[in-house]
Amino acid sequence: MQKRPYVISIAGFDPSGGAGLLSDSKTFEKSKVMGLGVCTALTLQTASKCLSLEWRPINEVTEAIQVMMESYPVSAVKIGIVKDAEFLGNIVETVQKGNPEVKIVWDPVLKSTSEFSFFDLETLHQLKSMVDKLSLITPNYNEYSVLKENHLLPDTNQCSLLIKGGHRKDHLGTDVLVESEKETLLAPVEGSTTYFPKHGSGCVLSSAITAELAKGENMENACRTGKRYIEKFLKSNPSLLGTHS
């Protein structure tokens with residue numbers, strides 16, 4: 001029986017289970033990897049709104065990462081909500097100190113769909129020095145626009161870029177993968193037309209991709225598999241909370 005690779009989600013706790021650590025954990029289990037978790041923030045939210053957010057101290061976050069990295073052979077890490085650029089930098093540094101070869105995927109959640117701000121945009125300019133240390137970033141179309149306006153897109157020879165198409169006015173649902181300056185369009189599966197909006201869909205996609213990278217898939221195949229996973233999730237039921245079937 002093949003051993004499951006270890007993956008860490010470093011993300012927020014969402015009591016509705018639709019996003020963050022709980023959502024990533026469900027995705028990891030379904031994707032056949034061993035999911036570990038480190039909490040960056042405690043939130044109070046439902047599928048439709050975020051009411052409050054309490055950041056955990058960065059030293060507690062990095063200590064937990066260190067313990068996980070020392071205790072398990074972690075091959076990939078997914079990062080979700082982070083307070084600011086420095087918070088992200090400390091996380092990345094700790095992960096890479098534990099394993100310099102680890103694959104790191106960051107889903108840059110700047111705002112929730114309900115317009116609750118997570119990331120301190122005042123620190124955006126500090127991101128440039130760290131995005132190229134990552135393996136992949138997965139902004140939605142709005143977040144991509146913010147990063148582009150601020151000249152913060154990665155050098156795709158070093159860090160791949162997946163622009164999610166769920167918020168686009170044109171080519172809705174078509175994602176764009178950029179690696180080594182080459183663009184690959186990931187169109188929706190033919191015939192997949194009935195989608196229901198889902199809370200936490202960005203978390204699910206990025207953690208599904210992370211799981212595939214942990215299993216040794218190349219970036220394009222990981223993103224294609226992740227896209228098939230999220231399309232199934234978006235069609236799972238009409239409510240805002242999807243199921244992992």
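This is a predicted model: local features need pLDDT of at least 70, side-chain atom pairs count only at pLDDT 80 or more; totals for chains, interfaces and linings use all residues.
Student: Let's begin with the strands. How many residues of strand S1 are buried?

Tutor: Look at residues 6-13, which make up S1: seven of the eight are buried, so the strand is mostly covered, where buried means under 20% relative accessible area.

Student: And which strands does S1 pair with?

Tutor: Take S2, residues 34-45, to begin with: seven bridges pair S1 with S2 in the parallel sense. To find one of them in the structure, go to valine 7, whose bridge partner in S2 is glycine 35. Between the two strands the chain passes through helix H1, residues 20-30, and this β-α-β crossover is right-handed. S1 also runs parallel to strand S4, residues 74-79, with five bridges joining them. There you can look for isoleucine 8, which stands opposite valine 77 in S4.

Student: Now for charges. What is the idea behind a salt bridge?

Tutor: Side chains of opposite charge can pair when their charged atoms come close. In this structure, a search of the whole model finds eight salt bridges.

Student: Which residue forms a salt bridge with arginine 4?

Tutor: Arginine 4 pairs with glutamate 29, and their closest N and O atoms are 3.8 Å apart. This pair links distant parts of the chain, since arginine 4 sits in the segment before S1 and glutamate 29 in helix H1, 25 residues apart. Arginine 4 is partly exposed, at 30% relative accessibility, while glutamate 29, at 52%, counts as exposed.

Student: Where is another one I could look up?

Tutor: Go to arginine 56, which forms a salt bridge with glutamate 60; here the closest N and O atoms are 3.2 Å apart. Arginine 56 has 23% relative accessibility and counts as partly exposed. Glutamate 60 is partly exposed too, with a relative accessible area of 34%.

Student: Are lysine 227 and glutamate 231 buried or exposed?

Tutor: Both are buried: glutamate 231 has a relative accessible area of 5%, and lysine 227 has 7%. Their side chains meet in a salt bridge, 3.8 Å from N to O. You will find both in helix H7, residues 219-234, where they are four residues apart, about one turn of the helix. Asp175 joins in as well, so that Asp175, Lys227 and Glu231 are linked in a network of salt bridges.

Student: Last topic: disulfides. What is a disulfide?

Tutor: A disulfide is a covalent bond between the sulfur atoms of two cysteines. As for this structure, it holds zero disulfides.

Methods:
Residues are numbered from 1 along each chain as its sequence is written. Side-chain values use heavy atoms; hydrogens and water are left out. Buried means under 20% relative accessible area, exposed over 50%, partly exposed in between (1.4 Å probe, protein chains only). Two strands pair if DSSP finds at least two bridges between them. A crossover is right-handed if, with the strands pointing away from the viewer, the path from the first strand over the helix to the second runs clockwise. A salt bridge is a side-chain nitrogen of Lys or Arg within 4 Å of a carboxyl oxygen of Asp or Glu. A disulfide is a pair of cysteine sulfur atoms within 2.5 Å.
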